[in-house]
Structures are given as structure tokens and as C-alpha cells.
Amino acid sequence: MFPPESCTWHPTPRTWSPVTYCISMGAGRFIKSGEIYPDLHMFKGGVMMIRIGKLMVLAFALVLFGAFAAYAAGEPIKIGIISPVSGNYGDHGKLERMGMTAALEEAGKTVLGRPVEVVVADSETNPDIAARRARRLIEVDGCNFLMGSVSSSVSAAISAVAAEKKVLYFATNGNSDTLNADKANTYMFRVAPSMAILVRGGAEYVAKNIGKKWFYITHDYSWGHSGTAWARKSAAELGVNEVGEIKVPLGTRDFSSQLLQVRQSGADVLVITMAGFDNVALLKQLAEYRIYDKMKVWYTLMEFVDMWPLKPEQRKAYANVEVYWNENAKTKAFAEMLQKKNPDAPCPMPLDNGTYEGWLAMKILLKGIDKAGSTDVPAVIKAVEGMEIKDNMRKYPTKVRAWDHQVITQVDLIKANPKATGPDMWEVIDEVDAAKVARTKAENPVNVSISK
């Protein structure tokens, strides 16, 4: 008797894969998915010993090698998702996974005629934990492709594991410049814009139209440092004066002492690089301490999900964003679809930065596998390098640079509308072609192309 089509062989003794190879037992009885039978012992070569009382019966393989090989060709392609399910970036993680799911569903959950499965691991926004879970996804779950992560520090840790194990990793939402500089490697593509792209996308407008005395609030890890560093570089080029900086560790929720210092600084622009639940707390306290009465506020990067919990009158900042759901008819329709399918999303019209980059990462990976015609990692990397995505819902096409593995996609400069009562709470001031503000080869002299 041949096993049902839903069953697969698992070579490990006394353990069974989630979909277990089925063995005929007695009157048509099968081993069911997830069950463990201590009286069954698997040996190499597909030979199984079945204990019946004290009698051991030797049963040989049930399928010929050729039939097994043909069956194995249709095994799922596994993609490991390392994403924050909990902690400061829990909401951001949920959004990026929504985007990945949407792209997978658009592709029919298949590529090369094979089903695609995802295995999710919680990064906990902790580099050490994320690295360990990346190893498990590769070594235990059999994933040749990884994606995810909101924190740049976590992205760097996963990237190092990917390079060691020679699997392909898409860093979906880490924005620190280090990911494509000293942390760059052939096995990692960064999908989110770098902080160079984001800051340069808004700095000139802020300097010319808002003010030239800047005070910085910086999330105290690699991403926050990168945002402030590029703001300083832009400030020097634009004739802006710095009047102070405060670095804030992850997990800070009380900003009373910092904001008193900001009020007394004499700045006319407060430049902030911060995100997550820390930022939700800061945004509320900016209004509470009447910072907007003293100066304008510009975020080098803002998440829609961070600003949505505020009262309308608390939404007054300028910000750079990676996408806005009401940017155009295509993004609006996509956001409406997401909202319908995800009623428990952390914000309405849930096309946020993370959602978009998760969608784009999955789209690029599936196109790369299809173009390569296989799941061979070097072949997929080569197929992704230089790729152009025109069906990206944006004004400017997406391009994947081969030399530094940076995905180049449009960013926006927005101003929050304190009078908006619904989710359409931002005004898009400018749609920025990222190719014009991204780092050049001279600024970032790396070459991680697989074809170099």
C-alpha cells in the first residue's frame, strides 16, 4: 500500500516530521501526523523494524528510489521568518509578517511548482536570541532562506549566521548603514532604506523651511546612532548648528528630564531617531510638555503604527517614512485589502513601513527563485542582484544594487495633520527617488556581489 500524498519521509529515528510518512499497520491503519510510536525504529536506507510483542519483523522500503525522488521534488520550499513577536517592536513585527503573507498569497503560495512554507521564530529584539533561532531554522527546520527583523542589531546578528551557513537572508526592516557597510556580506540583502536615504530625503527641506538650530534625541543603539550621524552630516552641508543631543536606551518610557532639557536648549528643530513603544511614549510626552510650542519636530524615520495611538491634537511632527497607505490609489487598495484580511492588525489601513518592506522582501525572493530556476542559494543571489521591480505600487521602480545589496525604493517626507480624525492623518510633502540620495560607491566602498 502506498502512503497518502500528504505524507513525507523523515529519516530521524523515533521522531516524525509535522507531516509524517505513513506505514501500513494491520487493517489499513496509518501513522497519523504528529504521532510518535516507540515500537517503530527507523534505520538508514528506508528500512523499518516493527516490534510485535517480542517478535521483530524486518520491513523493507515501501517505495522505489525513483518514485521517492520524484515525490521529493515537490517538497516545500521553507523560508524562516525571524521577527519580533514580543517586546518593543512587537507591533512592527506583526506588520512585516502581514506583508510577507500578502506577497506569498499573491504568488499562490508556490514557486517553481512547489509549495512555500514559512517557519516563524520570535527574535525578541535580542541579537543573541535571534542568532540562535536563525541557526535552528537552518539546521533543524531546513530553511535555505531567511527574512525579517526590525532591529538593525538583530539584522546584523542574523546576517552573520547566514554568511556562516551560506543561506540567503533578507533584512526587511533594519535601517542602520552598517548593514551595507562593515556588516555587509554576499548572503544578505537589505530591503529597507538606509538612514542615508531617509535623512537626505528630508534634511534639505527641514533646513530651508523649518529651522537651522537642531537638537537630537537618539535611540541608543546602531540604528539610532546611524540616523543622528546622517543628520549631523547633512547639517554640516546645509549650514545647520547643533545645540545638543540626548541618547535614550531601549525600554525608556519616561522622558520628563530629557524634555525639560530640550525645552531649555534654544533649538528650533528637535530631530528624533526613535521607534517602537518607546516612541509612542515619547510622542505623547512631546505634546504633554508642550515641545511643539517651542520648536518643530522632525523624525528621521516614523512608523504609522507609532503615531496612530495618539490623540489627533498630539500629531504635529514632520517625518520621513518608507511608505504611506494613502500615497496613491494602488497603496490605498492594498491597505484596504490588508485591513479586511487582518481585522486584528495593530493599526487601521495597515500598510506601514514594515508591512511594505516585508511584502517587498518576499516578492523579491520569490522572483529570484523563479528567475534562477532553482533554490540553489548562489544562483538565487545572482538572480536577485540587479533586479528591477516595477510592480511595486510606487512612483519610482525598485532596484536591487549588486555591489552593496541595498534595495533602492522611494521614500516620502510627510507632515502629520492634527485635525485629522481618521487614519488619513499625514500629508505627503515629497516623494523622494531614493536612487538620488543613496550612498555612492565612493561613500561606501564595499563590493559583496557574488559575481565580483
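Predicted model: local features only at pLDDT ≥ 70, side-chain atom pairs only at ≥ 80, totals over all residues.
## Two strands face to face

Ile389 stands opposite Thr398, a residue of strand β16. Strand β16 covers residues 398-400, and two bridges join it to β15, with the two strands running antiparallel.

Now let's step back to the sheet around them. Three strands make up an open sheet, in the order β15-β16-β17, and their pairing is antiparallel. Its edge strands are β15 (388-389) and β17 (407-408), each of which pairs on one side only. As background, strands in a sheet pair through backbone hydrogen bonds, in either a parallel or an antiparallel way.

## Aromatic rings that meet

Next come the rings. You can describe a pair of aromatic rings by the distance of the centres and the angle of the planes. How many aromatic pairs does the structure hold? There are eleven aromatic pairs. One of them joins Tyr205 and Tyr318: the ring centres are 6.4 Å apart and the planes meet at 45°, so this pair is tilted. Angles under 30 degrees would count as stacked and those over 60 as edge-to-face.

Where do these two residues sit along the chain? Tyr205 belongs to helix α6 (residues 203-209) and Tyr318 to strand β14 (residues 318-321), so their pair ties together parts that are 113 residues apart in sequence. Is Tyr205 buried, exposed or partly exposed? With 30% relative accessibility, Tyr205 counts as partly exposed, whereas Tyr318, at 10%, counts as buried.

Tyr356 and Trp359 give us another tilted aromatic pair, with 5.6 Å from centre to centre and 40° between the planes. Both residues lie in helix α13 (residues 353-372), and they are three residues apart, about one turn of the helix.

Finally, look for a group of five residues in the model: Phe304, Trp308, Tyr324, Trp325 and Trp426 together form one aromatic cluster.

Terms used
Residues numbered from 1 in each chain as written. Heavy atoms only, no water. Phe/Tyr/Trp six-rings, centres within 6.5 Å; stacked < 30°, edge-to-face > 60°. Helix = DSSP H or I, 4+ residues; strand = E, 2+ residues; numbered from the N terminus. Buried < 20%, exposed > 50% of the residue type's maximum accessible area, 1.4 Å probe, protein only. Pairing = 2+ DSSP bridges.
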